[in-house]
Amino acid sequence: MVSIIGAGPAGTYSGYNLAKQYDVKIYEEDKKIGEPVQCTGIITNNLPKDIYCEDYVLNKIPEAEIIAPNGKSIFIKLRNKNLVLDRVRFDNFFADKARERGAKIILNKKLLRLRGNELIFKDLRIKDDFIIGADGPYSRVARDSGLFNKRKFIAAKQARLKGNFNEDLVKFYLGIGSFSWVVPENKKIARIGVASNKDLNIEFKKLLILENGKVLDNQGGIIPFYDPLIKISKNNIFLVGDAATQVKATTFGGIIPGLIAAKEFSKGFKNYEFRVNQKLKKELMLNLVMRKKLDRFNDKKYNELVELFSQEKLRTIIGDYDRDFPSKFVLKLLVREPRLFKFVP
Ligand SMILES: Cc1cc2nc3c(=O)[nH]c(=O)nc-3n(C[C@H](O)[C@H](O)[C@H](O)COP(=O)(O)OP(=O)(O)OC[C@H]3O[C@@H](n4cnc5c(N)ncnc54)[C@H](O)[C@@H]3O)c2cc1C
């Protein structure tokens with residue numbers, strides 16, 4: 001028997017992969033799958049093929065604009081269009097897939113404590129053979145099993161705006177917070193957001209001024225920094241997704257890395273940690289190192305960086321590769337433009 005805590009995409013996709021072999025139960029504290037939404041939902045087109053579906057895709061974006069603090073920008077054609085997800089539909093699609101394979105999802109059931117392999121809920125205590133913590137950044141499973149480590153977080157704030165937007169263009173502003181974005185759902189609505197551990201509200205207002213529109217709703221949340229020292233398994237306990245800090249520290253996207261890790265459960269539990277590290281560690285480490293460097297940039301440095309990337313040869317390299325796997329293009333960039341070395345840690 002397998003108990004999974006958390007019915008976000010990492011939890012339900014793990015359940016989907018394990019339900020072929022095991023009796024799987026997924027416990028979710030919220031009353032509804034996917035709600036409340038605390039995510040912009042832009043991803044690269046790297047979804048595992050077995051769970052790709054057009055129904056949860058709101059928009060496909062072929063181009064990115066990166067804007068320097070001095071207002072200059074570069075445009076990057078994305079060979080693989082980015083997908084904008086309807087997170088509620090996305091999460092429900094995954095939940096249905098897991099159910100189809102026989103997994104049982106129990107809503108409104110919050111894990112209060114984990115003692116050894118005993119799961120303690122308000123009105124239920126059970127022991128299980130395998131336990132998966134897919135319970136997000138503050139993972140109770142990680143905390144109670146000693147796998148939390150000294151993980152760090154960044155706060156993020158986002159809003160849906162009504163206005164006029166180019167539906168074919170995702171924008172990233174450099175120098176606003178640690179990272180900021182404008183992701184169009186369509187011509188009339190965009191999701192804008194900032195991740196920052198300093199003056200989040202002030203940084204968010206800067207973005208609101210730049211992107212004129214009427215705020216329809218606001219959301220926020222926290223995002224874990226990838227922790228390379230974290231262990232994601234211990235005896236019969238495993239972590240996946242945000243609970244395992246599987247997030248790209250450059251863009252703070254966690255959906256694809258979490259799913260890549262969850263896919264590994266299709267091969268069972270044996271060597272799960274080793275296999276996940278082989279797939280993700282190098283890429284997430286590289287993201288983390290780049291983030292540490294970027295967080296020390298001032299406006300002048302960002303302006304210089306954007307200026308360098310105005311060269312078509314560099315823009316083509318970034319557009320040709322997905323940001324999930326920076327190891328595939330960082331070296332290429334450095335070879336094509338040695339002046340980039342001064343931006344590298
Ligand atoms: C503002 C914001 C914007 C973001 N934008 C993007 C983006 O555009 N693209 C991207 O790739 N990533 C984005 N992220 C990150 C992304 O949302 C996460 O990486 C992703 O949701 C992680 O999936 P998960 O399944 O691991 O965890 P979650 O989606 O957090 O799911 C965890 C689930 O566990 C449940 N849970 C928690 N504790 C318990 C408990 N004790 N008992 C039972 N259930 C529990 C929660 O209710 C939740 O349903 C964003 C994050 C934020 C905060």
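This report walks through the overall build of a predicted model and then some of its charged residues.

## Overall build

Let us begin with the whole chain. Its secondary structure comes to nine helices and 17 strands. Along the principal axes, the C-alpha atoms fill a box of roughly 60 × 40 × 35 Å.

A compact globule of 345 residues would have a radius of gyration near 20 Å, and the chain agrees with that, at 20 Å. Of the 345 residues in the chain, 55% are buried.

## A buried serine

Ser145 sits in the loop between helix H3 (140-144) and strand E11 (153-162). Its relative accessible area is 6%, and Ser145 counts as buried because the cut-off for that is under 20%.

## Salt bridges across the chain

Searching the whole structure turns up 27 salt bridges. One of them brings together the side chains of Asp320 and Arg79, at 4.0 Å from N to O. This pair links distant parts of the chain: Asp320 belongs to helix H8 (residues 312-320) and Arg79 to strand E5 (residues 73-85), 241 residues apart. Asp320 is partly exposed, with 30% relative accessibility, while Arg79 is exposed, at 61%.

Another salt bridge joins Asp217 and Arg160, whose closest N and O atoms are 3.3 Å apart. Asp217 lies in strand E15 (residues 214-224) and Arg160 in strand E11, so this pair ties together parts of the chain that are 57 residues apart in sequence. Both partners are partly exposed: Asp217 has a relative accessibility of 28%, and Arg160 has 24%.

## A buried pair and a network

Next come Arg275 and Glu264, whose side chains meet in a salt bridge of 3.0 Å, N to O.

## A positive patch

Finally, have a look at the surface. Which residues gather there in a patch of positive charge? They are Lys150, Lys152, Lys292 and Arg296. Of these, Lys292 is found in helix H6, which covers residues 272-294.

Notes:
Residues are numbered from 1 along each chain as its sequence is written. This is a predicted model: local features need pLDDT of at least 70, side-chain atom pairs count only at pLDDT 80 or more; totals for chains, interfaces and linings use all residues. Side-chain values use heavy atoms; hydrogens and water are left out. Patches are made of residues with over 30% relative accessible area and no salt bridge: like charges are joined within 9 Å, nonpolar side chains (Val, Leu, Ile, Met, Phe, Trp, Tyr) within 5 Å. Accessible areas come from the Shrake-Rupley method with a 1.4 Å probe; for residues, only the protein chains shown count as cover. Lys and Arg count as positive and Asp and Glu as negative; His and the chain ends are not counted. The place of a charge is taken as NZ of Lys, CZ of Arg, CG of Asp or CD of Glu. Helices (H or I, at least four residues) and strands (E, at least two) are DSSP runs, numbered from the N terminus. The radius of gyration is taken over C-alpha atoms; the globule rule is 2.2 Å times the number of residues to the power 0.38. Buried means under 20% relative accessible area, exposed over 50%, partly exposed in between (1.4 Å probe, protein chains only).
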